[in-house]
Amino acid sequence: MDWEDTICAISTPPGEAAIGLIRVSGPEAIRIVQQVFRKKPDGSLEGQPSHTIHYGLVVDPATAEVVDEVLLSLLRKPRTYTREDMVEISCHGSPLLLIKVVNLLVRHGARLAQPGEFTKRAFLNGRIDLTQAEAVMDMIRCKTEAGLKIAFDQLQGKLGKEIKSINDQLLSLLAHIEADIDFSEQDLQVISMEEVKNKLVEVLAQICKLLEGWEEGRILRDGVVMAIVGRPNVGKSSLLNAILQEDRAIVASTPGTTRDVLEDWANIRGIAIKLMDTAGLRNTHDPIEIEGVRRAKEAIEKAHLVLLVMDASQPLQEEDHMLMDLLKAKKCIGILNKTDLSEKIEEKKVVERLPNTSLVRISATKHIGLDLLLDAIRDEIFHGQVVVGETPFLVSSRHRQAIEKAHQSIYQAILAIQSEMSSEFLALEIRTAMDHLGEVIGTTTTEDLLDWVFGQFCIGK
Ligand SMILES: Nc1nc2c(ncn2[C@@H]2O[C@H](COP(=O)(O)OP(=O)(O)OP(=O)(O)O)[C@@H](O)[C@H]2O)c(=O)[nH]1
Ligand SMILES: [Mg+2]
């Protein structure tokens, strides 16, 4: 597919940097850049071979003002990111200067690119499938090594290939069924219903395997939210600091030190975890603390996992009991903190109140038991180690929804065989399943879907 317009954008993040990169893509990319580029030594870009780098000045032809001294990569289609002619201009990384160069390109016929438009062109020009396009953004955003591995596998086409392979199996089956329908009047049978059913069951198992990895994949990509809660002064902020290994939150012996919810990301055993340190929960008349307590309760609602911190050096108090009740239905780890002091907590009572919750003994300030706590957090999230292996992980809810719909259609097709419904009906269900799988890789898409997918990209990618 060819576009008439040529797009340009700053591809490096805003702010000062050593280098700022401007990308130009489209049929007029080389001609437009040529108008504002004075190659050194003298010469034109026009006759230059592809994949070459050129030194020169960006000059405003209207005023002869030299805007910047740049290196420019000339990339001719089709071996480019978008499969169009592209020029990448490496400027000095000043935000003002980059805007000036982009304005100059726009004045000479380029258009500002929409978010993700370069990758959208790569997809529409058939260089990558939709799962690969989405992986580009996952690569940029991911927070852990495992997330990066999943995104990279997807970018290499691992998920796309798996979906295509399932689709091909369905296509071959459909061809046989349709041949059967065509030859039905001649009483010729190309494939038996038993064979069709067995093949469909096989395909269903492959789809189930993909869906199984969804929860883990999503967590590895997006991470989880974990709230640290407890009554005042039990050591929640000390624990946050110990996990982050920095003095992030204020710690003080005065109960009610933390008022607002404090958030930060940590990489715990390869999982990206957003930690939320909250205000100590208690009944209070202080309006600021009341708001803090409200926010702490909100954090509990949002959290996938809660760390309930208790002070092991004191007997349980009313607030501890209140919290244990509040967290009954929540995924939770109980923490007995301050175990470096003499213990007064009635551990038995905690076990009785939270029978299905693991308890970990730590000292946040003396850094005792933290390794065990981090293991417990990982186990609570994953129930063991997650290995990024052969089966591609599903990480996008868009993919999951489409694959679940395909699963449903194939299931219906199997039921149709069992209840001896017509082959036409069977073919229809298989075709519907294929359409849903096509949505994942982008062979059946709508403009709305593409707008939604690429709308989540950053500009210049
Ligand atoms: N001995 C000992 N003291 C601790 C430990 N953890 C925290 N403390 C002390 O307990 C006091 C309260 O700690 P914080 O971390 O501020 O407690 P908090 O739960 O965040 O308190 P609020 O924000 O007021 O709800 C401080 O004086 C800490 O030094 C521990 O493991 N051992
Ligand atoms: Mg605190």
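When I speak of a strand this morning, I mean a DSSP run of E that is at least two residues long, and by a helix I mean a run of H or I of at least four residues, with the numbering of these elements starting from the N terminus. Please also keep in mind that this is a predicted model, and that the values I quote are computed from it.

Pro78 sits in the loop between β5, which covers residues 65-75, and β6, which covers 86-93, and the peptide bond that joins Lys77 to Pro78 is cis, with omega at about 5 degrees. A cis bond is also found between Lys40 and Pro41, where omega is near -10 degrees, and Pro41 belongs to the loop between β3 (37-39) and β4 (52-60).

Now let me step back to the overall layout. The protein chain is divided into domain 1, residues 7-113, domain 2, which is made of 133-213 together with 392-455, and domain 3, residues 222-382. If we take the C-alpha centres of domain 1 and domain 3, they are 53 Å apart.

Next come the ligands, beginning with the metal. Which residues coordinate the magnesium ion, ligand 2? They are Ser237, through its OG atom, and Thr258, through OG1, at 2.0 to 2.1 Å. Ser237 is in helix α9 (residues 236-244), whereas Thr258 is in the loop between α9 and β9 (262-268), so this pair ties together parts that lie 21 residues apart in sequence.

A polar side-chain atom of Asn337 is 3.1 Å from an oxygen atom of ligand 1, and in the case of Asn233 it is a polar backbone atom that lies 3.0 Å from a ligand 1 oxygen. On its own, ligand 1 has 650 Å² of accessible area, and the protein covers 88% of this.

How many residues surround ligand 1? There are 23, and the closest of them are Lys236, Ser238, Gly256, Thr257 and Thr258. Sorted by class, this shell holds 13 polar, seven nonpolar and three charged residues, and the element that gives the most to it is α9, with three residues.

I would also like to point out two backbone angles. Lys338 is not a glycine, and yet its phi is positive, at about 65 degrees; this residue is found in the loop between β12 (332-337) and α12 (347-353). Glu420, again a residue other than glycine, has a positive phi near 50 degrees, and its place is the loop between α14 (397-418) and α15 (423-441).

Is Glu420 buried or exposed? Its relative accessibility is 72%, and because exposed means over 50%, Glu420 counts as exposed. Ala416, in helix α14, has a relative accessible area of 3% and is therefore buried, the limit for that word being under 20%.

Finally, a distance to look for in the model: Ala416 and Gln245 are 171 residues apart along the chain, and their C-alpha atoms are separated by 59 Å.

Conventions:
Residues are numbered from 1 along each chain as its sequence is written. Chains are lettered from A and ligands numbered from 1 in the order in which they are written. This is a predicted model: local features need pLDDT of at least 70, side-chain atom pairs count only at pLDDT 80 or more; totals for chains, interfaces and linings use all residues. Side-chain values use heavy atoms; hydrogens and water are left out. Domain bounds come from an automatic or database domain assignment. Donors are N, O and S atoms within 2.8 Å of the metal (3.2 Å for Na, K and Ca); water is not among the atoms, so sites may look incomplete. A residue is near a molecule or strand if one of its heavy atoms lies within 4 Å of it. A polar contact is a pair of N or O atoms within 3.5 Å; within protein, one must be able to donate a hydrogen and the other to accept it, and residues adjacent in sequence count only if both atoms are side-chain atoms. Accessible areas come from the Shrake-Rupley method with a 1.4 Å probe; for residues, only the protein chains shown count as cover. Ala, Val, Leu, Ile, Met, Phe, Trp, Tyr, Cys and Pro count as nonpolar, Asp, Glu, Lys and Arg as charged, and the others, Gly among them, as polar. Buried means under 20% relative accessible area, exposed over 50%, partly exposed in between (1.4 Å probe, protein chains only).
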